[in-house]
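Please read this briefing alongside the sequence and the coordinates. The topics are taken up one after another, beginning with a single residue and its surroundings.

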Amino acid sequence: MDEKPTISYRAKASNALRRGIGRDALIASICGGIVALMVGASFAAVPFYNWFCRTTGFNGTTQVATSAPSSAPLARKIAVRFDSNVAGGLPWKFEPEQTEIEVRIGEVVTVYYTVTNQSARATTGQAAYNVAPLTVGSYFQKINCFCFTEQTLAPGEKREMPVVFYVDPALAADHDNDGLNTITLSYTYYPVRDPAVRPLAAGEGDSHRGSL
């Protein structure tokens with residue numbers, strides 16, 4: 001008479017244990033799926049963020065133009081300042097040939113930056129860039145820029161690199177910028193640890209006027 005309750009209790013405990021294991025496995029599967037989704041979303045967010053910045057000019061990201069504006073430059077002028085920085089780990093000297101110029105809005109302008117590899121080995125860098133005020137990014141149009149690609153410099157090489165740009169005439173119609181007198185274009189070069197393999201000529205053809 002005393003054995004039946006014991007057997008019943010053990011059976012119930014075993015069933016409860018199996019249910020608990022099944023529930024834990026289901027929860028673990030759901031959690032794993034959520035983690036995988038979050039990881040995938042984080043990788044997708046990087047190119048999406050870059051595309052968003054290029055499209056909207058968010059955070060001072062400049063735009064890429066394929067040609068000059070169709071209309072003539074405006075009479076309104078604006079000063080453009082040039083800033084240069086080099087991140088740690090890249091033995092380069094990097095500076096603009098002019099620190100400031102005055103341009104008409106809609107005028108296509110070419111300026112040069114000079115970079116020198118101060119090490120005894122070939123090094124590669126990639127430039128990050130933005131403009132200030134940050135709200136001007138959508139109006140700053142680059143037709144050509146050394147920042148579009150990685151740059152590899154031989155030991156001791158000095159190079160002049162162009163930036164071809166214009167300030168979009170649409171800026172003049174944005175009344176939030178009526179009092180804007182100065183734009184600062186800023187670059188920071190970062191080291192590239194594993195540069196893309198490509199023929200030497202492909203890295204030089206249209207990116208500089210030659211070694212000095």
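Which residues does Tyr139 touch, not counting residues up to four places away in sequence? In this predicted model, Tyr139 touches Tyr166, Val167, Asp168, Ala170, Leu171, Asp174 and Asn177.

- Tyr139 lies in the loop that runs between strand E6 (123–132) and strand E7 (140–145).
- Because its relative accessibility is 15%, and buried means under 20%, Tyr139 counts as buried.
- Among the residues that Tyr139 touches is Asp174, and the side chains of Tyr139 and Asp174 are joined by a polar contact of 2.8 Å.

**The five-stranded sheet**

- Five strands form an open sheet with mixed pairing, and their order is E4-E2-E10-E6-E8.
- Strand E4 (100–104) and strand E8 (151–153) are at the edges, and each has a single partner strand, so one side of each is left without a neighbour in the sheet.
- On average, and with direction ignored, neighbouring strands of this sheet are turned by 30° against each other.

**The pairing of E2 and E10**

- Strand E2 (residues 77–86) and strand E10 (residues 182–191) run parallel and are joined by eight bridges.
- Within this pairing of E2 with E10, Asn85 stands opposite Thr188 in E10.

Note on methods: Residues numbered from 1 in each chain as written. Predicted model: local features only at pLDDT ≥ 70, side-chain atom pairs only at ≥ 80, totals over all residues. Heavy atoms only, no water. Pairing = 2+ DSSP bridges. Helix = DSSP H or I, 4+ residues; strand = E, 2+ residues; numbered from the N terminus. Axes fitted to C-alpha atoms, helices over the stretch in contact; angles between N-to-C directions. Buried < 20%, exposed > 50% of the residue type's maximum accessible area, 1.4 Å probe, protein only. Contact = heavy atoms within 4.5 Å. Polar contact = N/O pair within 3.5 Å; in protein donor to acceptor, adjacent residues only side chain to side chain.
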